[in-house]
Amino acid sequence: MSLSNVVTSGLDCHLNSGCGFPAPGAEIFLFDDIAKFTILNTDVHVTKITVLLFISVAVILGFFIYAFHKPKLVPRGAQNVGEMGYVFIRDGIAREIIGKDGDPYVPYLFSFFFLVWLCNFMGIVPFAQVPVTSIFAMPVAFALIVYITWVPLGVYKQGFRGFFGGMLFPPGVPKPMYVLLTPLEFLSNLIVRPATHAIRLFANMFAGHLLIATFSIAAFYLLSASVIGILGSAASFTVAIALTAFEALIQFLQAYIFTLLAAVYISGALHAEH
Amino acid sequence: MSDSAWANTSRLITGLILYTGLGWLVSRWVGHQALLMAVGAIVGLALSYFLMFRSLEHERLKDEERRQQVQQ
Amino acid sequence: MSLLAEVTGSLGSIGYGLAAIGPGVGIGIIFGQGVQAIARQPEAYGVIRQNMILGFALAEALALIGFVAPFVFGK
């Protein structure tokens, strides 16, 4: 978490120093480039977020390749944990939502769940302390990948006319209502769905990070020679710790919901709705 | 580990890189717009997903057949 | 035309406060009905919990979009 506000106001900005409370805004999500190079005519800026993303992917790949590379019939250790994770996705998400023929999609959902969870989890890891998914580009990329998975899948499984017909013209509606209903369904299914899929994840992580930052900065700001200051600082620090615990729950929940909704969209593409 | 795991991983990675590269070449030919490279990446991703899911469903069907044979 | 009323200051907080009314009611209804459903049929706990979480996420998203909107559109 960058204390840029406090640092620019001076590291001695406390309660009675005459500066106002340096509230964190959207600028705590701007990071400086660690490295910058131009490849294929595009500028690539490497920031802390990029490094954290690569670390997340490396940790997931490393752990699950290690867990599954010599599988024994009775699992022990890392394989046990890996299998628990796999069974959680397969039984809890894929078989519940898609059914038995959701098994081919379990690796896809599994990768998404653990990647989103670890990217979220970077928000409470010391020294990292920014959730990778709180930068708007990351949830947009994830939601875009889900979008270009389920739309061509639906067209492939149900045919162009069957898929879009079933989605945009729901059966059992009197004919003139289609004039009102079809633009609404088109907008809601094909445009708003990926948007809310991304925004839900982004807004949760953004809000959580902002809250923890606010209470941490408040704990620092209130440290002054007055009794109110000390009490307020202690209370702020306690609330920051409580919010960190709350964030851990929300991060897992948001990863679960992202994967659940991806499974719902895939299920809508595989089986005709209604 | 199932032998389809590495096959599918390589399908995803090579599909993405190949079609991103093709998209970049087309964008260079038409006049530098990075958008075409992004379109190439999306097309490559969709195609490699298609191949990956097809191979996974084929595996699942074979598992079902084997299970039914064992039951009989 | 003379100015009759004006709101100054942090409009973002007021916007978020207004945006949190609807989802608050919605989430209360979702979890209330969910708990009632579990009380009626405890063996369906898994299915009910899954649908409860799904509905909660969809309603919560609107409140959080209200939280983020001032940062996007604000000065």
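Q: At what angle do α7(A) and α8(A) pack, and how far apart are their axes?
A: In this predicted model, the two helices pack at an angle of about 170 degrees, and their axes are 8 Å apart.

Q: What makes the direction of α7(A) relative to α8(A) roughly parallel or roughly antiparallel?
A: The angle between the axes decides the matter. Angles over 145 degrees count as roughly antiparallel. The value here is about 170 degrees, and therefore α7(A) is roughly antiparallel to α8(A).

Q: Which residues make the contact of α7(A) with α8(A)?
A: On the side of α7(A), the residues include His197(A), Leu201(A), Leu211(A), Ile212(A) and Phe215(A). On the side of α8(A), Phe237(A), Val239(A), Leu243(A), Glu247(A) and Phe258(A) are among them. By class, this contact has 13 nonpolar, eight polar and one charged residues.

Q: How do you know whether α3(A) and α8(A) are roughly parallel or roughly antiparallel to each other?
A: Again the angle is set against a cut-off. The axes of α3(A), which spans residues 78-97, and α8(A) cross at roughly 25 degrees and come within 9 Å. Angles under 35 degrees count as roughly parallel. The helices α3(A) and α8(A) are therefore roughly parallel to each other. Their crossing is right-handed.

Q: What residues meet in the contact of α3(A) with α8(A)?
A: From α3(A) come Ile93(A), Ala94(A) and Ile97(A). They meet Thr259(A), Leu260(A), Ala263(A), Val264(A) and Ser267(A) in α8(A). Divided by class, the residues of this contact are six nonpolar, two polar and no charged.

Q: What elements does chain A have, and in what order do they run?
A: Chain A has eight helices and two strands. From the N terminus on, the order is α-β-β-α-α-α-α-α-α-α.

Q: Why is chain A described as spread out or compact when set against a globule?
A: The radius of gyration of chain A is 23 Å, whereas the globule rule gives 19 Å for 274 residues. The value is well over the rule, so chain A is more spread out than a compact globule. Along the principal axes, the C-alpha atoms of chain A fill a box of roughly 70 × 60 × 45 Å.

Q: What share of the residues in chain A is buried?
A: A residue counts as buried if 20 or more other C-beta atoms lie within 10 Å of its own. Of the 274 residues in chain A, 33% are buried.

Q: How do you know which pair of chains shares the most contacts?
A: Two pairs of chains are in contact, and chains A and C share the most contacts. Chain B and chain C are joined by no contact, and their closest C-alpha atoms lie 24 Å apart.

Q: What makes up the side of chain A that touches chain C?
A: The contact takes 11 residues from chain A and 10 residues from chain C. The elements of chain A that give two or more residues to this side are α7 (178-221) and α8 (227-270). The largest share, seven residues, comes from α7(A). By class, the side of chain A that touches chain C has seven nonpolar, two polar and two charged residues.

Q: How many residues do chain B and chain A give to their contact?
A: Chain B gives 13 residues and chain A gives 12 residues. On the side of chain B, the largest share, 10 residues, comes from helix α2 (residues 34-71) of chain B. That side of chain B divides into 10 nonpolar, one polar and two charged residues.

Terms used
Residues are numbered from 1 along each chain as its sequence is written. Chains are lettered from A and ligands numbered from 1 in the order in which they are written. This is a predicted model: local features need pLDDT of at least 70, side-chain atom pairs count only at pLDDT 80 or more; totals for chains, interfaces and linings use all residues. Helices (H or I, at least four residues) and strands (E, at least two) are DSSP runs, numbered from the N terminus. The radius of gyration is taken over C-alpha atoms; the globule rule is 2.2 Å times the number of residues to the power 0.38. A residue is buried if 20 or more other C-beta atoms lie within 10 Å of its own, exposed if 12 or fewer, and partly exposed in between; C-beta atoms are placed from the backbone. Two residues are in contact if their C-beta atoms, placed from the backbone, lie within 7 Å. Ala, Val, Leu, Ile, Met, Phe, Trp, Tyr, Cys and Pro count as nonpolar, Asp, Glu, Lys and Arg as charged, and the others, Gly among them, as polar. Axes are lines fitted to C-alpha atoms, for helices over the stretch in contact, and angles run from 0 to 180 degrees between N-to-C directions. Angles under 35 degrees count as roughly parallel, over 145 as roughly antiparallel, 65 to 115 as roughly perpendicular and the rest as oblique. A crossing is left-handed if the near helix is turned anticlockwise from the far one by less than a right angle, and right-handed if clockwise.
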